[in-house]
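User: Could you show me how to read aromatic pairs in a protein model? I am new to this one.

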Amino acid sequence: MNKLQNNHIFSSSPENEILSIPKTLIAEARKGDLYTYLCLNHENMFKKVGCCLETISNPSLYIRKNFPGYHDFATGEHGNSIDFLVKHLDYSFQDAVFALTGNGLCTTTSHPNVSKPMKLPEMDSPPFKRLYAYLMSRGIPSSVITDLIRKNLLYQEKIHGNIVFVNPEKNYCELRGTFSQRPFHGCLKSSPDNYWYFSSSSVMPKSAFICEAAIDAVSLFLLHRTYHPEINAVYISIGGVSNDKSIIAAGKRFNAVLAVDNDEAGEKCRLKHNDMPSAIPKNKDWNEDLLALNRSS
């Protein structure tokens, strides 16, 4: 069974230390609040569906709020909270117990400067008809789509037909559903500060624009190509306005402009990162600005 990508790396413990964990602590962890723990520590790996969490890489795998454990409706597999962290997030038994009971014996370690490839969603066979149809409906020309595919930054996922934007390091991917009646947007990343990015330049520019979603990043590139062709920049997606670590990491690497949405959440983000210059779309986001441009031409 495929493991979900773990965002946190816990300190490992020798196998014989399992014996030193009190049985009462193990029992407490098995009944631990898995839903809340995952929301706090692995939120980018799940989407909320009613009172449940659905894993992005396996939509049949559910974690129910106020229920200790998980259930896979496709296979019938189920288990307690420890089982989920061990089987699906590669935690050691000790780390799972300590994490769910919050006893402080395990610490989270991040490695922001290390490229850590992760297991990506399985690629469908070209010609990616659903991908082209959806992105072109969002105003993105087929030539730009083809170029991103050629650069291995974009493909169509096999099982669900989702669009997958993947960064060059293969440690971040952003998924976009192609069914208009059931919109879906999620991301997977091996570290909280990863992000998706691209540039049309053969040499990496020093300037960058940080957007909320990959479609917005591509849309802003197209708007600049029309109105400001002199701009040479990297276009970034952080996969959601709340991903502060991605914003900070991009700001350290580039002369970055914060280009998040024109809404309440975007304004809060701009205020929080007020040391960074900003660009604001006329409509809610850059894709809506691109669609408005296409309608007027």
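User: How many aromatic pairs are there?

Analyst: Rings of Phe, Tyr and Trp (its six-membered ring) pair if their centres lie within 6.5 Å; planes under 30 degrees apart are stacked, over 60 edge-to-face, and the rest tilted. By this rule there are ten aromatic pairs. The model is predicted: local features need pLDDT of at least 70, side-chain atom pairs count only at pLDDT 80 or more, and totals for chains, interfaces and linings use all residues. Residues are numbered from 1 along each chain as its sequence is written, and side-chain values use heavy atoms, without hydrogens and water.

User: Why is the pair of tyrosine 62 and phenylalanine 73 edge-to-face?

Analyst: Because their planes stand at 85°, with ring centres 5.5 Å apart.

User: Are these two residues buried or exposed?

Analyst: Buried means under 20% relative accessible area, exposed over 50%, and partly exposed in between (1.4 Å probe, protein chains only). Tyrosine 62, at 22%, is partly exposed, whereas phenylalanine 73 is exposed at 60%.

User: What about phenylalanine 221 and tyrosine 235?

Analyst: Their centres are 5.7 Å apart and their planes at 70°, so this pair is edge-to-face. Phenylalanine 221 is buried at 10%, and tyrosine 235 is buried at 2%.

User: Which residues form one aromatic cluster?

Analyst: Phe221 and Tyr235 belong to it, together with Phe165, Trp196, Phe198 and Phe209.

User: Which ring does the charged end of arginine 253 sit over?

Analyst: A charge sits over a ring if NZ of Lys or CZ of Arg is within 6 Å of the ring centre and within 35 degrees of the ring normal. Here the ring is that of tyrosine 197, with the charged end of arginine 253 lying 5.0 Å from its centre.
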